[in-house]
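Trainee: I have a new model open and would like to go through it with you. Could we take it step by step?

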Amino acid sequence: MKRRLVTSALPYVNNVPHLGNLIQVLSADVFSRFCRLRGYDTLYVCGTDVYGTATETRAAEEGISPRELCDRYHALHTAIYSWFNIAFDKFGRTSTPIQTEVVQDIFKKLDAQGFIVERTIEQLYCEQCNRFLADRYVRGVCPHCGYPDARGDQCENCGKLLDPTELKESRCSTCGSQPKLRSTKHLYIDLPRIKDRLEAWIAEASVKGFWANNAIQMTNAWIRDGLKERAITRDLKWGIPVPKPGYEDKVFYVWFDAPIGYISITGNLAADRGEDWRAFVQEWWKNPDEVELFQFIGKDNIPFHTVIFPSSLLGTGERWTMLHHMSSTEYLNYESGKFSKSKGVGVFGSDAMESGIPADIWRFYIFYNRPEKADALFTWKDFQEKVNGELIGNLGNLVNRTLSFVTRYYDGKVPEGKAKAEFWNTVRAYEETIREKLDRAELRDAFRTVFELSSFANKTFQDGEPWKTRKDQPELAANLIRDLCYVVRDLAILLHPYIPGSAEKLAAFFGLTIGNNGLSWQDLGKLDGLKQVHNTEVLFNKLEDDFIQTLRERYSGSQKERSEREKEQSMNTPESSAIKSAEPAQEQTANESIATKFARLVDLRVAKITHIERHPKADKLYIETLDLGGETRTIVSGLVPYYKEEELLGKHIIVVYNLKPAKLRGVESKGMLLAASATQSDGSEVVEVLDASFAEPGSRIQIGNIPLSEAPAEIDIDTFFSMPILAKDGVILIDQQPLTCNGKPLSTNRVLQGEVG
Ligand SMILES: [Zn+2]
Ligand SMILES: [Zn+2]
């Protein structure tokens with residue numbers, strides 16, 4: 001078995017990724033999780049692509065250094081991928097000393113082999129700023145439409161691509177003075193001279209690595225149109241220095257250094273561990289006989305991975321681990337148009353985090369709908385239908401009915417019995433198909449086959465009528481339920497690469513784990529090892545109409561329109577306008593994690609319940625009097641179905657201190673207490689009020705290590721609920737950061753997994 005090196009396209013750092021961008025990172029995650037479960041020695045690396053004009057410009061606009069900008073966005077990317085549960089071996093970045101060394105080394109070898117040529121070109125130079133201007137740093141009158149402020153690379157008004165020398169009345173975008181043409185030297189990679197090597201490699205690799213059709217077509221088109229020399233240097237500061245006399249003021253063009261990031265990030269992984277990074281790079285990247293490279297990209301990135309990056313490697317004359325399989329997806333479109341980073345249209349990673357919908361539900365839909373062979377469309381309606389129909393109606397139903405049957409009629413013990421050969425022949429055939437497809441990185445087809453298997457198992461349950469046979473033919477019922485338990489266990493393994501959190505939960509119902517020393521791909525179809533079913537709960541909650549409608553509205557239009565909408569709303573609520581207008585909403589999503597936002601906006605405090613009585617006009621409500629360390633307040637809460645008065649009296653609870661007061665059946669509630677809740681497998685709701693008996697009334701709650709904000713303004717309930725708090729394994733988390741008081745984390749005893757509100 002060869003080792004598997006997996007990469008996903010390096011996301012450009014200066015933006016928040018949307019669902020369309022996330023597909024690559026998620027796809028490579030599924031594939032590498034599958035490879036690990038199959039027992040392959042696997043390495044998955046990715047990271048942010050940081051250099052280039054776009055970052056430099058953006059940083060200048062924001063008045064910070066490019067490095068600061070990259071740090072900020074790198075953290076944001078990291079938070080999003082971690083929320084989506086992506087198991088990178090390393091998520092790095094291209095601004096590292098190892099990257100500089102590897103890039104310069106590859107360049108020197110290309111130069112020594114004669115594949116680097118020098119050309120003199122005419123370029124605009126600003127004498128005031130003392131530098132050559134990148135295309136987009138030149139402004140002037142558009143020769144096509146007369147727009148007075150057109151950018152040198154493209155007119156924002158008519159959209160035409162421009163050469164900066166075409167602009168009339170051109171000026172430097174930094175100082176405004178008129179730039180002059182000056183000749184300057186640049187270095188080019190001589191692709192025409194590498195062509196023969198490249199073509200020979202493509203002919204072999206595309207077949208061996210079963211490249212997707214779009215990859216083969218686009219690559220052939222590139223070669224047919226003729227390969228040209230390509231500039232690899234630029235007049236910029238934010239980039240990797242060019243190690244050649246006369247090029248001290250230039251850096252490498254970002255397209256040249258970015259794909260080399262895959263290699264340097266691998267090196268950085270070893271460096272992090274204190275190992276010899278050069279040896280580690282050698283082992284993975286200079287080892288074509290033992291390592292297969294799988295790359296996950298969007299189709300717009302194909303030529304860089306099949307032509308340009310391979311040329312850089314082939315031209316060195318060394319034996320590299322070259323691209324084996326290329327999984328290049330088509331586009332994911334949004335409602336009626338395209339996802340667009342520049343226009344801010346679509347669902348962004350930060351939106352998904354704030355949506356209140358768990359990561360696995362997003363993962364489910366992204367893979368179920370992965371644009372594998374054709375463009376796919378994201379619509380909220382389809383999202384809701386697929387989640388409710390397939391994930392819950394098919395899979396959730398099978399798990400629920402099988403396990404409840406065991407709990408109810410077999411006292412939680414997986415019944416003894418005999419396996420039905422015919423049934424298992426079918427199951428194993430499905431499993432073999434899934435493995436074959438996954439081995440070829442056909443993630444969507446494989447995923448859909450998992451649901452076909454689940455559907456087959458559901459039908460078997462239905463046709464077997466165990467609720468009848470249980471009485472008159474108990475052996476038949478036991479055999480059936482036993483078979484179905486093993487299928488459910490198999491489904492946990494098959495689903496693990498796709499929805500790891502839910503699959504682990506499912507395995508835990510049998511007291512098992514997945515991966516490491518737990519279940520692996522080799523356990524599929526094995527008919528022993530299951531004993532007991534316990535602690536079952538509902539895996540997924542249905543997406544209701546009004547909830548989906550709210551999300552559709554919240555995420556409609558561009559990010560700009562959204563933030564204007566939010567501003568408008570905040571104008572109507574004067575209390576909160578102070579915070580919101582100080583910092584536009586888009587800035588918040590771009591720069592701030594949910595945890596920081598929560599810490600900035602929300603004031604949580606410990607309060608002691610000193611008096612409690614039933615609400616005279618409402619069955620479910622209590623009216624509680626609170627001591628907040630000197631201050632007294634009244635709140636109203638709907639806890640009657642879950643707690644008796646004496647159970648709550650004297651408790652040290654957590655209250656949302658700065659929540660806008662609300663009248664509940666005529667009684668004003670100044671704040672809200674926090675409780676964790678979860679739905680049990682029988683559909684009933686368990687509720688546990690958060691308790692901080694160890695803390696004095698009035699103490700404030702901290703989020704992770706984020707400093708407490710000083711007296712935040714009042715917030716409305718929607719803002720509060722837009723930042724979901726969760727109970728996970730009994731720990732209370734917001735955005736993966738624990739809620740603590742005096743350094744001690746808040747925890748639950750009964751509702752270990754659930755939502756807090
Ligand atoms: Zn124009
Ligand atoms: Zn200037």
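Trainee: Which residues coordinate the zinc ion (ligand 1)?

Mentor: Keep in mind that this is a predicted model. Look for donor atoms around the zinc ion (ligand 1), at 2.3 to 2.4 Å. Each donor is an SG atom, and the residues are C142, C145, C155 and C158.

Trainee: What is the geometry of the site of the zinc ion (ligand 1)?

Mentor: Four donors count as tetrahedral if all angles lie between 85 and 135 degrees. Here the angles among the four donor atoms are 103 to 115°. The site is tetrahedral.

Trainee: Is C145 buried, exposed or partly exposed?

Mentor: Buried means under 20% relative accessible area, and exposed means over 50%. C142 has 1% and is buried. C155, also at 1%, counts as buried. C145 has 35%, so C145 is partly exposed.

Trainee: Which residues coordinate the zinc ion (ligand 2)?

Mentor: Search around the zinc ion (ligand 2) at 2.3 Å. The donor atoms are SG atoms. They belong to C126, C129, C172 and C175.

Trainee: Why is the arrangement around the zinc ion (ligand 2) called tetrahedral?

Mentor: The rule for four donors asks for all angles between 85 and 135 degrees. The arrangement is tetrahedral because the four donor atoms around the zinc ion (ligand 2) subtend angles of 101 to 116°.

Trainee: How are the donor residues of the zinc ion (ligand 2) spaced in sequence?

Mentor: Start from the donors C126, C129, C172 and C175. C126 is buried at 0% relative accessibility, whereas C129 is partly exposed at 26%. Along the sequence, the donors are spaced C-x2-C-x42-C-x2-C.

Trainee: What is the bridge partner of C126 in β5?

Mentor: Strand β4 covers residues 116-126 and pairs with β5 over two bridges, in the antiparallel sense. The bridge partner of C126 in β5 is R131.

Trainee: Which are the edge strands of the four-strand open sheet?

Mentor: The order is β5-β4-β9-β10, and the pairing is antiparallel. An edge strand here pairs on one side only. The edge strands are β5 (131-132) and β10 (230-231).

Trainee: How many disulfides does the count come to?

Mentor: A disulfide needs two cysteine sulfur atoms within 2.5 Å. Take C46, which is buried at 0% relative accessibility. Its closest cysteine sulfur is in C70, 15 Å away, so that is too far for a bond. The count of disulfides is zero.

Trainee: Where is F210 found?

Mentor: F210 has a positive phi, near 35°, and is not a glycine. F210 is partly exposed, at 21% relative accessibility. F210 is found in the loop between α5 (191-208) and α6 (213-224).

Trainee: Where does N535 lie?

Mentor: N535 also has a positive phi, about 50°, although it is not a glycine. Its relative accessible area is 67%, so N535 is exposed. N535 lies in the loop between α18 (500-509) and α19 (545-554).

Trainee: Which residues touch the most other members of the largest nonpolar core?

Mentor: This core has 201 residues. Its largest share, 14 residues, comes from helix α17 (residues 474-495). The residues that touch the most other members are W362 and F383.

Note on methods: Residues are numbered from 1 along each chain as its sequence is written. Chains are lettered from A and ligands numbered from 1 in the order in which they are written. This is a predicted model: local features need pLDDT of at least 70, side-chain atom pairs count only at pLDDT 80 or more; totals for chains, interfaces and linings use all residues. Side-chain values use heavy atoms; hydrogens and water are left out. Donors are N, O and S atoms within 2.8 Å of the metal (3.2 Å for Na, K and Ca); water is not among the atoms, so sites may look incomplete. Four donors count as tetrahedral if all angles lie between 85 and 135 degrees; four count as square planar and six as octahedral if opposite donors are over 155 degrees apart and all others between 65 and 115; anything else is irregular. Buried means under 20% relative accessible area, exposed over 50%, partly exposed in between (1.4 Å probe, protein chains only). Two strands pair if DSSP finds at least two bridges between them. A nonpolar core is a set of buried Ala, Val, Leu, Ile, Met, Phe, Trp, Tyr and Cys residues joined through side-chain atoms within 4.5 Å.
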